[in-house]
Amino acid sequence: MTSTTAQDRIQDRRELTAVLVRALERRHEVLDAIVDAADRDEATAAIATLLDADPDHAQAVLGMTFGRLTKDERRKTQAELDDLDQRLEWTARDRPASTGRTVELRVFTADDRDVFGRRCADQYPDWDADRVAAERAQVLSRIEEETAAWFVAEETSGSTVGLVFGEIGSGEVDVAIWIDPERRKQGFGTAVIKHARDEFAREFPGTVLVVRSPS
């Protein structure tokens with residue numbers, strides 16, 4: 001189970017609804033792609049490419065019933081998208097990185113001194129080099145003991161954008177992220193949280209994930 005902000009939930013719903021609207025607008029092309037596909041996986045991949053959608057949203061399109069194709073249902077879906085746009089502070093069009101397609105997470109290791117140092121300089125500017133090294137050693141120790149899981153967030157191009165921290169206690173995993181100051185307000189925080197949900201669910205199954213706001 002994951003605790004997320006209302007804006008996160010609205011953004012997730014908005015992304016799905018936008019894909020459904022595109023699918024309804026291009027319904028003839030979508031149907032052709034499905035008919036031409038050899039199996040469900042191939043159909044999902046074709047829809048994802050056609051609609052510039054992630055696989056989960058493409059699966060949702062594939063699962064739509066024919067009843068969604070009527071004019072009335074198409075108007076309702078568009079109205080839902082318009083309503084979600086009004087409720088959001090920003091959309092994926094404003095912050096393209098928020099879709100998560102260009103972001104990956106990898107396990108934090110002893111070699112990640114630079115990104116850890118940048119995070120400490122940003123959040124704890126009074127820490128000296130010895131304090132930073134000591135904190136990093138403690139993090140690595142908690143990871144080894146499996147009481148914590150940390151990840152480095154990177155763009156698929158290889159550029160580092162931030163860190164994700166998960167610390168377990170009392171049946172909950174306290175999840176927080178840090179985004180490099182130069183990469184903020186671009187949607188990376190939202191993208192990283194999306195990926196972090198799956199990572200921590202695998203690392204700590206059966207626990208509640210409490211996600212704090214991005215830094």
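Predicted model: local features only at pLDDT ≥ 70, side-chain atom pairs only at ≥ 80, totals over all residues.

Biologist: Why is E135 called buried?

Modeller: Buried means under 20% relative accessible area. E135 has 18% relative accessibility, so E135 counts as buried.

Biologist: What makes E135 and R131 a salt bridge?

Modeller: The rule asks for a side-chain nitrogen of Lys or Arg within 4 Å of a carboxyl oxygen of Asp or Glu. The closest N and O atoms of E135 and R131 are 3.1 Å apart, so the pair is a salt bridge. Both residues lie in helix 7, four residues apart, about one turn of the helix.

Biologist: Why is R119 said to have no salt bridge?

Modeller: The nearest side chain of opposite charge to R119 is E135, 6.3 Å away. A salt bridge needs the atoms within 4 Å, so R119 has none, although R119 is buried.

Biologist: Which residues does R119 touch?

Modeller: Leaving out residues up to four places away in sequence, R119 is in contact with Y124, W150, L163, F165 and W178.

Biologist: R119 is in helix 6. Which residues of helix 6 are buried, and how do you know that they line one face?

Modeller: V115, F116, R119 and C120 are the buried residues of helix 6, which spans residues 113-123. Seen down the axis of helix 6, they fall within an arc of 135°, so they line one face of the helix. D114 and A121, on the other side of helix 6, are exposed. The cover over the buried residues includes helix 7, strand 3, strand 4 and strand 5.

Biologist: What makes strand 3 mostly covered?

Modeller: Eight of the eight residues of strand 3 are buried. One side holds A148, W150, V152 and E154, the other A149, F151, A153 and E155, and both faces are covered. In strand 5, six of eight residues are buried, and strand 5 is also described as mostly covered.

Biologist: How do you know that strand 3 pairs with strand 2 and strand 4?

Modeller: Two strands pair if DSSP finds at least two bridges between them. Strand 2 and strand 3 are joined by five bridges, so they pair, and they run antiparallel. Strand 3 and strand 4 have seven bridges, again antiparallel. R106 stands opposite V152 in strand 3, and A148 has E167 of strand 4 as its bridge partner.

Biologist: How many bridges join strand 4 to strand 5?

Modeller: Eight, in the antiparallel sense, with V164 opposite I177 in strand 5. The hairpin of strand 4 and strand 5 has two residues between the strands, and S170 there takes a positive phi near 55°. In the hairpin of strand 3 and strand 4, with four residues between the strands, G158 takes a positive phi near 105°.

Biologist: Which residues of the largest nonpolar core touch the most other members?

Modeller: Of its 19 residues, they are L105, F151, V164, V173, I177, V192 and F200. Strand 2, strand 3, strand 4, strand 5 and helix 8 each give two or more residues to this core. Helix 8 gives the most, with six residues. Beyond its neighbours within four places in sequence, F151 has contacts that include L105, V164 and F200.

Biologist: What makes E80 and R13 a salt bridge?

Modeller: Their closest N and O atoms are 2.8 Å apart, within the 4 Å cut-off, so the pair qualifies. E80 in helix 5 and R13 in helix 1 are 67 residues apart, and the pair links distant parts of the chain. E80 has a relative accessible area of 27% and is partly exposed, as is R13 at 36%.

Biologist: And why does E73 with K76 count as a salt bridge?

Modeller: At 3.7 Å between the closest N and O atoms, E73 and K76 are within 4 Å, so they count. Both lie in helix 5, three residues apart. D72, E73, R75 and K76 are linked in a network of salt bridges. By this rule the count comes to 13 salt bridges.

Conventions:
Residues numbered from 1 in each chain as written. Heavy atoms only, no water. Buried < 20%, exposed > 50% of the residue type's maximum accessible area, 1.4 Å probe, protein only. Arc of directions from axis to C-beta. Contact = heavy atoms within 4.5 Å. Core = buried A, V, L, I, M, F, W, Y, C linked by side-chain atoms within 4.5 Å. Lys, Arg positive; Asp, Glu negative; His and termini not counted.
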